Amino acid sequence: HASCLVPVQHSSCCSGVDAFAVTDKTMALLRILLKPSIVGEFSLPAIRALASDLSQLAHLGQEAYSRSSGHASTSSASCSDILQGRGICSSASTRKAHRWGQKEEKDKKAQWQALVSQTPDGRINPCNSKLHPAVLEGVVAVNDADELCVQEAYTPQSRCFGCGPAHPDGLRLQSKRIENGLEAVVQIPAKYCAFPGIVNGGILGTLLDCHGNWTSAITLMDRACLPKPPLTLTAQMVVTYKEPTPPDTDLLVRSRVVSIKETAQPGMGK
């Protein structure tokens, strides 16, 4: 039950209880286990209230993992007893939680298969990337053509200064898929220097803005099994300049998704 709980360093905001990094899988399991009367968005206080039980579940899960299968079954029952003792789940809901992970994987693959069948040309991976989720699920395959950046694949007519392929004098950012993010290599012309040999900070911020925005759009598209990325806008950006950036030099721009807050509307989130 506790394999999706990741222990993190103790935080003062959770004084007196064990703190956990709650993953998407954890949240989904909790929604299955909890009674319908309290199903909904989980606030931080609600998570803290369950922290002691989650700590026990994590401990039992570790014991079950290290023991034989017979002992693991005993520990699994103990996990259920903890939740049932608190009156927040039943044995039926616990069995449902066991099946949750496998069911989600099957549902995801089915969604991509349905999208392929609904797309006129079946082309849902215009980037031709090996890391597109439909490729990873075995639904579609890549061809012999080169991989395209997400900008050229999805918005070839965009005139955005930072990433638009059609801008006559833009930065022409070309972001490609990597695991859990995007990556690009770009050179900034010397005409965008603030001082000789030092690129203007606003130009660097533009690159980060565009690259991060594309990362969000692609991530939400993948999670919702959409044929095209949704419109996303940067809500907040904080940049720390560690050292001067030279012009006419290969610069590596890499993004990683650290958290996602979704809404009820598919493809929409933060």
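Which residues does Gln 151 touch, not counting residues up to four places away in sequence? In this predicted model, in which local features need pLDDT of at least 70, side-chain atom pairs count only at pLDDT 80 or more, and totals for chains, interfaces and linings use all residues, the partners of Gln 151 are Pro 156, Cys 163, Pro 165, Leu 173, Gln 174, Ser 175 and Trp 214, a contact being heavy atoms within 4.5 Å. Residues are numbered from 1 along each chain as its sequence is written, and side-chain values use heavy atoms, with hydrogens and water left out.

Gln 151 belongs to helix 7, which covers residues 150–154; helices (H or I, at least four residues) and strands (E, at least two) are DSSP runs numbered from the N terminus. Its relative accessible area is 0%, and Gln 151 is therefore buried, where buried means under 20% relative accessible area, exposed over 50%, and partly exposed in between, with a 1.4 Å probe and protein chains only. Ser 175, in the loop between helix 7 and strand 3 (176–178), is likewise buried at 0% relative accessibility. With residues up to four places away in sequence left out, Ser 175 touches Cys 149, Val 150, Gln 151, Leu 182, Glu 183, Ala 184 and His 211.

The structure holds zero disulfides, a disulfide being a pair of cysteine sulfur atoms within 2.5 Å. For Cys 160, which is partly exposed at 29% relative accessible area, the closest cysteine sulfur is that of Cys 163 at 3.7 Å, too far for a bond. For Cys 210, buried at 9%, the closest cysteine sulfur lies in Cys 160, 3.7 Å away and again too far for a bond.

The second largest pocket has a volume of about 1,400 Å³ and is lined by 40 residues, of which Leu 208, His 211, Gly 212, Asn 213 and Met 237 lie nearest its centre. A pocket is an open set of points on a 1 Å grid over the protein atoms alone, where a 1.4 Å probe fits, with protein on both sides within 12 Å along at least five of seven lines, and lining residues have an atom within 4 Å of a point; the volume is the space filled by probe spheres set on the points, which are joined across faces, edges and corners. Helix 8 (201–224) and strand 7 (251–256) are the elements giving two or more residues to this lining, and helix 8 gives the most, with 11 residues.

The mean pLDDT of the chain, on the predictor's confidence scale from 0 to 100, is 76.
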